[in-house]
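I opened this model to check a few local features. My notes follow the order in which I looked things up.

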Amino acid sequence: FLFSKIILTKFFGQEYSSGSLPLIILSLGLFIGYLVESTEKMFMILKKTRLIFLLTVFIIISSISLNVLLVPLYGILGAAIATSITQILAFLLYAISGYSITKINPFKIKYFLNALVLLAILGLIKYFFSENLLVMLFLFVIYILLSVLLLFITNTIEKEDVLFMKLVLKKITSRN
């Protein structure tokens, strides 16, 4: 998201750096769209396969329509926008449907606020970005520490998260 131009230039060359804006748009859309998976799995468990089918058909039709509309006008940027809008629409439809069926909202506002704060921290890292590998490793360690600290401060860390961190620390510190 933040390092798209650098990543495209390093891996594919300067001529691909113009794809950084579509990559940013796609990253955002696909990140939000990824949140659909948990709700879709819940629908499968509840045997709501007809609902999954109807939502999928609606999302496919929306995607095709948006691509037909935006790609001729904006090219690759239009395709990225159409895909991202479709992913966000899928998230909204699945979230609303899931809540109406179960009355459970798995998406707490403080999780989204944490994501925004972490994005801001990444923005600061990008501002002080250096191509020096040691500086980047140092910034990565700081980012991980700030992320964990933020989880504790906002009380969004779950019992399973603590267990996972303990297992990782145990594995790192073990000499086997």
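**Ground rules.** I am working with a predicted model, where local features need pLDDT of at least 70, side-chain atom pairs count only at pLDDT 80 or more, and totals for chains, interfaces and linings use all residues. Residues are numbered from 1 along each chain as its sequence is written, and side-chain values use heavy atoms, with hydrogens and water left out.

**Aromatic pairs.** I looked up rings of Phe, Tyr and Trp (its six-membered ring), which pair if their centres lie within 6.5 Å; planes under 30 degrees apart are stacked, over 60 edge-to-face, and the rest tilted. The count comes to 3 aromatic pairs. For Phe11 and Phe12, I noted ring centres 6.4 Å apart and planes at 50 degrees, so this pair is tilted. Phe43 and Tyr94 are stacked, at 5.7 Å centre to centre and 25 degrees between the planes. Phe43 lies in helix 3 and Tyr94 in helix 5 (residues 76-102), so their pair ties together parts 51 residues apart in sequence. My helices are DSSP runs (H or I, at least four residues), numbered from the N terminus. I also noted that Phe11, Phe12 and Tyr16 form one aromatic cluster.

**Buried or exposed?** I call a residue buried under 20% relative accessible area, exposed over 50%, and partly exposed in between (1.4 Å probe, protein chains only). Phe43 is buried at 0%. Tyr94 is buried too, at 3%. Phe11 is exposed, at 67%.

**Lys47.** I found a positive phi of about 60 degrees here, although Lys47 is not a glycine. Lys47 sits in the loop between helix 3 (36-45) and helix 4 (49-74). Its relative accessibility is 70%, so I put Lys47 down as exposed.

**Ser20.** I found Ser20 in helix 2 (residues 20-34). Ser20 is buried, with a relative accessible area of 14%. Which residues does Ser20 touch, not counting those up to four places away in sequence? I listed Ser4, Lys5 and Leu8, taking contact as heavy atoms within 4.5 Å.

**Helix 6.** I checked the length of helix 6 (residues 109-127): at 1.5 Å a residue, its 19 residues should span 27 Å, and the end C-alpha atoms are 27 Å apart, which agrees. The expected span is 1.5 Å times one less than the number of residues. Its buried residues are Asn114, Leu118, Ile121 and Ile125. Seen down the axis of helix 6, they fall within an arc of 55 degrees, so they line one face of the helix. That arc is taken from the directions from the helix axis to the C-beta atoms. On the face turned away from the buried side, I noted the exposed residues Ile109, Leu116 and Tyr127.

Technical notes: Helix = DSSP H or I, 4+ residues; strand = E, 2+ residues; numbered from the N terminus.
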